[in-house]
Amino acid sequence: MKKRILVVDDERGIIETLSGILEDEGYQTFQAEDAEKALKILEKEDIDLILLDVWLPGISGIDTIKLIKERYQDIPVIMISGHGNVEIAVQAIKLGAFDFLEKPLSIERVILSVERALQFKLLERENINLRSSLIKKYELIGSSNVMKNIKRQIELIAKGDSRVLIFGESGTGKELVARAIHSLSERCNASFVEVNCAAIPQELIESELFGHEKGAFTGAIDKKIGKFELADGGTLFLDEIGDMSFLTQAKLLRVIETQKFQRVGGTKDIKVSVRIISATNKDLSEEIKKGNFREDLYYRLNVVPIYLPPLRERKEDIPELINCFISEYVMEKGWKNKTLTERAIKILQDYDWPGNVRELKNAVERLMIMTLSDVIDIDDIERVGIVRKEFSGESYFQYNSLKEARDAFERDFILKKLKDNNWNMTKTAELIGIERSNLYKKIKSLGIPLPKDFSEN
Ligand SMILES: Nc1ncnc2c1ncn2[C@@H]1O[C@H](COP(=O)(O)OP(=O)(O)OP(=O)(O)O)[C@@H](O)[C@H]1O
Ligand SMILES: [Mg+2]
């Protein structure tokens, strides 16, 4: 599409000359003799660039650029003036003009300045997009005190080069944190290279990490560059470090200590600058005691520890996470926006989330797919397999009256037993020692949700 340029000058002759030159260069032009008309055009049209004369009748050029910059911050403005008015030029640049051209105008100078301004705007926009997508992509959601602390910690350590060891159960966001550290660090323009120590077979891990020379072992048909070399200048993320074999641990330790290594089958020393971030869901001190993990390596890797608590210990983050995931699916997959009822959120908050944030994210995805209405409620949640917390004991203390607590307990208890017995009423009633008719009454009075395909049995 043609770029659209607005030319503002009170001299008809100048407007026509400039428009002619620009149209020959393939731009589309709009014309205004004064500020009022220019502002009207800006309201209606998408303008990419403005050429603005300093001397205008009515509102002066300087006041006009002020107005434009207030309302259309990112449209570049090139000012034009009579010969030799340095003071006004300085003022215009201070107000945000991209460039300043003097009359008599040189055609080449005009074209060059216009090209530069448009190029600059494009780059600026790309930069903003890139930066926001990067930052957004690795943004940690959560305003609980622990999360706030972790975010602060990440910002502090990102600047340095110290090794980081991230602990936390599966799905708590360890990889996200590692990527966030990298993207906030000075190494952000170099690679973030990931190695999953648990997924690579023992006999391949060394060649994976350090690379190998051609013919180093059977099957090594070509030379291979290892992850350490690929991460040069950047960050190496050693995921599930607790699963690395004892032998490889020794090699890794030596690389950290000597700052150099050789490819498998090679003799040449290779030196790289790599920041190591590791992660584990194992209790490494326990592994050290059992003799599975080297203590010396542990201290080398664990210069800065970050502990990610399980989601059940920061339940206040759950509503924010849910909203965030919903908007993510809406934006990225174009799904229809949905909201959750308060009681639905409450159930999700009461649930224990053994799979942590990953499980929550998957649940939100399933809820969005499987709920047809715009509002997600309790039964939708039960349909995707998340149930009211059962037998937690603790949750009954939220009730004041004994009756409410007893009802809540009975509801949980009966629901669990019904499920355990495949919704067989006769069997369940017998098992829990009440009449079948009584069980049926309780299901009704306690509002126990029955599966859609339930038939009385
Ligand atoms: N605080 C958070 N804010 C937003 N998204 C999060 C957060 N924590 C985790 N996630 C998301 O949850 C999912 C799991 O996170 P991640 O892969 O980082 O966990 P992990 O600890 O590395 O898990 P595992 O031990 O299973 O490898 C990802 O989609 C991640 O983006
Ligand atoms: Mg992970």
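Q: How many bridges join strand S7 to strand S10 (residues 235-239)?
A: First, some ground rules: this is a predicted model, in which local features need pLDDT of at least 70 and side-chain atom pairs count only at pLDDT 80 or more, while totals for chains, interfaces and linings use all residues. Residues are numbered from 1 along each chain as its sequence is written, chains are lettered from A and ligands numbered from 1 in the order in which they are written, and side-chain values use heavy atoms, leaving out hydrogens and water. Helices (H or I, at least four residues) and strands (E, at least two) are DSSP runs, numbered from the N terminus. Strands S7 and S10 run parallel, and the number of bridges joining them is 5.

Q: In S10, which residue is the bridge partner of Glu194?
A: Two strands pair if DSSP finds at least two bridges between them. For Glu194, the bridge partner in S10 is Phe237.

Q: How many degrees does the twist average in the open sheet with the order S2-S1-S3-S4-S5?
A: Here again we have an open sheet of 5 strands with parallel pairing. Strand S2 (28-32) and strand S5 (99-102) are its edges, each with a single partner strand, so each has one side without a neighbour. From one strand to the next, the twist averages 20 degrees.

Q: In S3, which residue is the bridge partner of Val7?
A: Strand S1 (residues 4-8) and strand S3 (residues 49-53) pair in the parallel sense over 4 bridges. The S3 partner of Val7 is Leu51.

Q: Is His212 buried or exposed?
A: His212 is found in strand S8 (residues 211-212). Buried means under 20% relative accessible area, exposed over 50%, and partly exposed in between (1.4 Å probe, protein chains only). With a relative accessible area of 7%, His212 is buried.

Q: Which residue's side chain makes a polar contact of 2.7 Å with the side chain of Glu320?
A: Glu320 is found in helix H13 (residues 318-333) and is partly exposed at 33%. A polar contact is a pair of N or O atoms within 3.5 Å; within protein, one must be able to donate a hydrogen and the other to accept it, and residues adjacent in sequence count only if both atoms are side-chain atoms. Not counting residues up to four places away in sequence, Glu320 touches Ile141, Gly142 and Ser143. The polar contact of 2.7 Å is with Ser143.

Q: How far is a nitrogen atom of ligand 1 from a polar backbone atom of Ile141?
A: An oxygen atom of ligand 1 is 3.0 Å from a polar backbone atom of Leu176. For the nitrogen atom and Ile141, the distance is 2.9 Å.

Methods
Axes fitted to C-alpha atoms, helices over the stretch in contact; angles between N-to-C directions. Contact = heavy atoms within 4.5 Å.
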